[in-house]
Amino acid sequence: MNIKSNSIIGVGIMLIDQRQKVLLGYRNKIDEPASWCFPGGKMDAHESVEDAAVRELLEETALDLSQYIESIQPLNTIIDQDSEAVKVTFGTIYQLLDERLKTQICMTEPEIFERWEWFSFDELPQPLFAETEVMIKYFLNQPQDKRWAVYSN
């Protein structure tokens, strides 16, 4: 098996609140097109998927779910079949039962994100970050673009 050194293994976390709204950040990173996305990023060596999701969420929003890690559930595994590198994203999901946790969410990386907002599935902003859109379509049981190989977890 020949995996290129520029392989990317990522994780995304879909937070759903009690009103069935999802948390999305407006990502406005200098070298990328602006889009809305779930918290997430590259996994570090020796990290579980859940640990990576908790770390990325904390880094990007200041929301600390480390005490709830056992409640973070796998959603899917996504492979970008059009990428020049091996690009795999593990989608995770967490149902936010304690609404008070929302008060922890703030801007921690202003060079990447302009803001975080909650959206209902029928009023999602555009454009969505590609992997975020795949996770949402999977969750809503909608057809996927052939660019993506999506596996159930």
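Predicted model: local features only at pLDDT ≥ 70, side-chain atom pairs only at ≥ 80, totals over all residues.
View 1. You'll find Asn28 in the loop between S2 and strand S3 (35–37); strands are DSSP runs of E, at least two residues, and helices are runs of H or I, at least four, numbered from the N terminus. Ile112 is 84 residues away in sequence, yet the C-alpha atoms of Asn28 and Ile112 are 5.5 Å apart. The Asn28 side chain also makes a polar contact with the side chain of Glu114, at 2.5 Å (a pair of N or O atoms within 3.5 Å, one able to donate a hydrogen and the other to accept it; residues adjacent in sequence count only if both atoms are side-chain atoms).

**View 2. Helix H1, residues 49–61.** Buried residues here include Ala52, Ala53 and Leu57. Ala62 follows H1 with a positive phi, near 75°.

**View 3. The largest nonpolar core, 20 residues.** Such a core is a set of buried Ala, Val, Leu, Ile, Met, Phe, Trp, Tyr and Cys residues joined through side-chain atoms within 4.5 Å. Ile13, Leu57 and Tyr94 are among the members touching the most others. S1, H1 and S7 each give two or more residues, with H1 providing the largest share, four.

**Notes.** Numbering starts from 1 along each chain as its sequence is written. Local features need pLDDT of at least 70 and side-chain atom pairs 80 or more, while totals for chains, interfaces and linings use all residues; side-chain values use heavy atoms, without hydrogens and water.

Technical notes: Expected span 1.5 Å × (residues − 1). Buried < 20%, exposed > 50% of the residue type's maximum accessible area, 1.4 Å probe, protein only.
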